[in-house]
Amino acid sequence: MDNITEGTWESLPVKLNDNILETLREMKFTHMTPVQSACIPLFMRNKDVAAEAVTGSGKTLAFVIPIIEILLKREDKLKKMQVGALVITPTRELALQISEVFEGFLLKFPQFKQILLIGGSNPIEDVEKFKEHGANIVIATPGRLEDMFRRKADGLDLSILVKTLDVLVLDEADRLLDMGFVASLNVILAFLPKQRRTGLFSATQTQELEKLVRAGLRNPVRITVKEKGVAATATQKTPARLCNYYFICRIEEKFNNMVAFLKEHIDEKHLVFFSTCASVEYYGRALETLFKKADIRCIHGKMKNKRNKIFADFRALESGILVCTDVMARGIDIPDVNWVLQYDPPSNASAFVHRCGRTARIGNQGSALVFLLPMEESYVTFLSINQKCPLERMEPIEDVMDILPKVKAMALADRAMYDRGMRAYVSSVQAYAKHECSLIFRVKDLDFSAMAKGFALLRMPKMPELKDKSFPDFVRTDIDTDTIRYKDKAREKLRRKMLAELKERGPAPLVRRNVVRNTSWSKQKQKQDRKRKKSAKRQLGEGSDEEEDEDLKELLNDTRLLKRLKKGKISEEDFNKQMEDVPLSSTQTGSPKATDDA
Ligand SMILES: Nc1ncnc2c1ncn2[C@@H]1O[C@H](COP(=O)(O)OP(=O)(O)OP(=O)(O)O)[C@@H](O)[C@H]1O
């Protein structure tokens with residue numbers, strides 16, 4: 001393996017604890033990777049480090065080992081409830097993965113306990129677990145950790161427990177210092193003691209010094225591990241063993257091409273990235289039906305309880321397809337991924353590098369392929385200059401068949417699939433409009449009707465971006481889409497009830513919640529996000545389809561509201577107001593709900 005080049009663990013200038021060396025031997029890790037040999041001694045000698053090294057280069061051990069060493073060398077031994085190390089990471093999958101690595105080492109250090117504080121689990125249970133087992137190493141995602149600091153509930157004041165903190169590690173640091181997390185992070189940092197060692201680890205962009213200072217680094221040592229064979233001046237961010245391709249095709253041909261590609265490589269292990277949760281739901285189901293014999297899993301940020309299991313299942317597979325959003329883009333270590341396919345390009349260039357980094361890890365070969373439209377070809381030049389990430393054009397894919405009629409048939413057979421298609425389309429248009437490189441990804445140049453064809457839609461959805469436009473090229477289905485039934489009988493019964501009630505009520509000026517006039521989609525979306533955050537706190541049963549559960553709840557709520565209106569318990573004004581004040585729904589009207597990833 002060409003990036004495990006740095007001599008044995010015994011050759012480090014600082015001696016590692018025998019139990020650590022023993023664990024490494026058991027793992028059959030005989031030699032270090034460059035980022036490990038550079039970081040471990042510095043970290044152990046009290047330096048703050050900011051390490052930038054390509055994806056899959058072994059950054060996790062570069063902080064796990066020094067953390068244990070530092071805790072072992074403490075003069076005042078940590079008590080059960082004293083936190084000595086804190087690792088913050090952007091996603092719960094990554095947190096789980098780091099926790100597993102710690103677990104492997106802590107078997108030989110039973111005096112240290114670790115705890116995971118991540119979204120998706122029950123915070124009350126976390127507090128109980130903390131109290132019962134104690135924790136010296138905390139691995140957390142920012143939102144949940146902030147919540148725990150603020151909560152101070154049930155006799156657990158984290159701000160006191162971290163007074164003994166020796167080491168803080170921000171994994172995927174650039175992502176953590178991004179807009180989305182920075183507010184939580186600032187709250188957390190304010191609680192931490194200043195006298196500590198801080199490490200920042202990422203494959204991209206840790207050079208933004210301003211942010212590093214904000215994160216509390218004192219004279220950090222910058223470690224940039226370059227790829228072997230890459231000129232010292234260049235900073236290629238993807239591994240050298242990665243074959244990185246792009247493929248140009250028309251929007252209506254994209255899915256057909258991807259299916260043909262997957263068919264050709266069906267015995268291999270793939271990650272397929274989409275820009276939105278709704279697209280994962282839709283295309284994931286389509287792929288499941290098209291490749292009945294393959295192991296297909298879907299993962300996105302709006303899944304709650306099921307995520308960990310799906311992730312663990314997929315890791316154990318030898319071949320299969322994981323359809324996902326950018327929740328899987330960073331840090332995730334899935335063994336032996338052969339292909340990373342980017343059906344939708346990511347919303348920013350660093351995500352591109354991280355997505356590709358899910359393959360070609362630690363000396364393995366791997367390939368990545370991004371699907372681009374003809375008008376997006378300049379993205380290739382952009383990536384090669386901006387991210388030092390050169391791509392090679394892929395030859396035409398062979399044996400491309402038109403499978404879109406099959407996808408349409410799925411929508412006709414089940415309204416849930418029809419809904420998913422509409423949502424996927426709407427959310428994809430919105431995601432496209434938000435792309436960081438808006439000069440290359442120009443929403444105004446998108447061919448909406450060709451896109452709808454590519455999504456195998458039965459009719460054009462209603463959304464502001466399409467307002468006052470006509471689509472002569474789009475052939476709408478002859479079938480009245482209101483007649484498409486849900487396969488799920490309970491759901492269909494509810495829909496019918498709702499339709500009947502609406503019919504009985506007549507064409508009164510009812511505000512259709514999902515086409516709230518004069519309100520921009522971004523505002524509607526904000527409102528929807530607020531609602532979603534609230535509803536995310538509600539726990540849903542294991543194994544249920546959470547998106548659909550929400551729809552069902554909405555539908556029930558609608559029926560209840562209508563009844564109250566009919567009985568005169570609420571005024572028409574109140575009715576309309578309450579209908580507006582809920583997430584966009586597609587269940588009763590067939591209009592789309594936008595669901596892009598968190
Ligand atoms: N010294 C080593 N020898 C052999 N394998 C190693 C060594 N260090 C790490 N690995 C393995 O390499 C893989 C990648 O390591 P890791 O997940 O830490 O990479 P990373 O640099 O954090 O990647 P990313 O930037 O994608 O988060 C893991 O499966 C890990 O077990």
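These legends go with several close-up views of one predicted model. Residues are counted from 1 along each chain as its sequence is written. Because this is a predicted model, local features need pLDDT of at least 70 and side-chain atom pairs count only at pLDDT 80 or more, while totals for chains, interfaces and linings use all residues.

**View A. The whole chain, for orientation.** We have 22 helices and 14 strands here (DSSP runs numbered from the N terminus: helices are H or I, at least four residues; strands are E, at least two). Of the 598 residues, 45% are buried (20 or more other C-beta atoms within 10 Å of the residue's own, with C-beta atoms placed from the backbone).

**View B. Around the ligand.** The shell has 19 residues, and Gly58, Lys59, Thr60, Gly331 and Ile362 come nearest (near means a C-beta atom, placed from the backbone, within 6 Å).

**View C. Helix H12, residues 277-290.** Its 14 residues reach 20 Å from first C-alpha to last, close to the 20 Å expected at 1.5 Å a residue (1.5 Å times one less than the number of residues). H12 is mostly covered, with eleven of the 14 buried; among them are Cys277, Tyr282, Arg285 and Leu287.

Notes:
A residue is buried if 20 or more other C-beta atoms lie within 10 Å of its own, exposed if 12 or fewer, and partly exposed in between; C-beta atoms are placed from the backbone.
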